[in-house]
Amino acid sequence: MTDKTLTPGDFRQPYPARRAVLIGASATTLAALAPLQGATTHQGKTTADAKPLPGFEYRQIKTRGGLTINVATRGKGAPLLLLHGYPQNHRMWHTVAPVLAEKFAVVCPDLRGYGDSSKPEGAPDHSNYSKRALAVDMIEVMAALGHHQFMVAGHDRGARVGYRLALDHPEVVQRLALLDIVSTRAVYEEGGLAMATRYFHWYFLIQPRPFPERLIGGDPAFYLSYVLAEGPMFSEYLRTFATPEGIHASCEDYRAGFAVDLPNDRIDVSAGRKITCPTLILWASKGAVGEVFQPLRTWRDLVESPTGEAIDSGHFIPEENPAETLRAFTAFFRA
């Protein structure tokens, strides 16, 4: 892998700017966006100004460690866990989740540190924000809902939780879809200058507290608009991100990525441990992952038999191209 030629524009955004218009959305998908009456809450409430996923039931699930995970559920059938990325929350699935819920029992949680879930203080070694710890949260959430085996789709940071789930708990994950990532080890060890410039936040957020927290906290709306384009859920992302606890938690996520997740990946690669369940790799045709890596080849470091394709999109695939996301998910998860 060699570094691509860089232009000044490459230093502007970590991901290509997301278009605010939903690209290629089908009539069914767009209909699913219409507000529905009767969304309920159980075992706690979302905040008064929170925007629920249409038709989803909300509940707050307590983990054995005393954390609260905010979860939206809808549908019947095979359980499908959808995990969001940075710096978002479960509402990034707002376009595709209602449609998937017609075929699957869809579970959309806010990961620890994001959305309306608990945002604990980071541990000195950052281990309480490792993907291994977040994966255990998801095992407990799904068990509380009666799901002891399930399928997983994750985007961005959620995909990192997803592949750690499949590596650590192979008896639980039946099928796995990873959206627009390569392994943490591959980013740091093989990404080179191209990834360092496009993914500047990977290096910024791992700096010791309070440096990134203070800089982001000075104008969180500006920061968020820099890494996300305006879209229908932007205000929801800002609401749950732009607090001292939310900003700190997101920094801890990346600190754990460097301090804990990277060594864990190296251990697995060295030991030859690989994900053996059917694994779908989707990457954005206009994103850094597809430009810098050959994703199917790169994923052979941790996946036994990766399959997949590029989607006509920037990094935020489910929001930019929900129709193609649904096509790929339906074919894969119903196989």
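Is aspartate 156 buried or exposed, and what is its relative accessible area? In this predicted model, aspartate 156 has a relative accessible area of 4%, and because buried means under 20%, this residue counts as buried. Aspartate 156 is placed in the loop that lies between strand E6, which covers residues 150–155, and helix H4, which covers residues 157–168. The backbone of aspartate 156 has a phi angle near 60 degrees, which is a positive value in a residue other than glycine.

A positive phi is also found at histidine 126, where the angle is near 70 degrees and the residue is again other than glycine. Histidine 126 belongs to the loop between strand E5 (105–109) and helix H3 (131–144). Its side chain makes a polar contact, at 2.9 Å, with the side chain of glutamate 252. When neighbours within four places in sequence are left aside, the residues in contact with histidine 126 are Glu252, Arg255, Ala256, Ala259 and Val260.

Glycine 75 is located in the loop that joins strand E3 (68–74) and strand E4 (79–83). Apart from its neighbours within four places in sequence, glycine 75 is in contact with Ala101, Phe104 and Ala105. The C-alpha atom of glycine 75 is separated by 8.8 Å from that of valine 107, a residue 32 residues apart from it along the chain.

The bond from tyrosine 86 to proline 87 is cis, with omega near -5 degrees, and proline 87 lies in the loop between E4 and helix H2 (97–100). The bond from arginine 209 to proline 210 is cis as well, with omega near 10 degrees, and proline 210 is found in the loop between helix H7 (200–204) and helix H8 (211–218).

Helix H9, formed by residues 220–227, packs against helix H10, formed by residues 234–241, at an angle of about 130 degrees and with the two axes 10 Å apart. This angle makes H9 oblique to H10, and H9 passes H10 in a right-handed crossing. On the side of H9 the contact is made by Pro220, Ala221, Tyr223, Leu224 and Ser225, while H10 contributes Phe234, Tyr237, Leu238 and Phe241. Of the residues in this contact, 8 are nonpolar and 1 is polar, and no charged residue takes part.

Definitions and conventions
Residues are numbered from 1 along each chain as its sequence is written. This is a predicted model: local features need pLDDT of at least 70, side-chain atom pairs count only at pLDDT 80 or more; totals for chains, interfaces and linings use all residues. Side-chain values use heavy atoms; hydrogens and water are left out. Helices (H or I, at least four residues) and strands (E, at least two) are DSSP runs, numbered from the N terminus. A polar contact is a pair of N or O atoms within 3.5 Å; within protein, one must be able to donate a hydrogen and the other to accept it, and residues adjacent in sequence count only if both atoms are side-chain atoms. Contact means heavy atoms within 4.5 Å. Axes are lines fitted to C-alpha atoms, for helices over the stretch in contact, and angles run from 0 to 180 degrees between N-to-C directions. Angles under 35 degrees count as roughly parallel, over 145 as roughly antiparallel, 65 to 115 as roughly perpendicular and the rest as oblique. A crossing is left-handed if the near helix is turned anticlockwise from the far one by less than a right angle, and right-handed if clockwise. Ala, Val, Leu, Ile, Met, Phe, Trp, Tyr, Cys and Pro count as nonpolar, Asp, Glu, Lys and Arg as charged, and the others, Gly among them, as polar. Buried means under 20% relative accessible area, exposed over 50%, partly exposed in between (1.4 Å probe, protein chains only).
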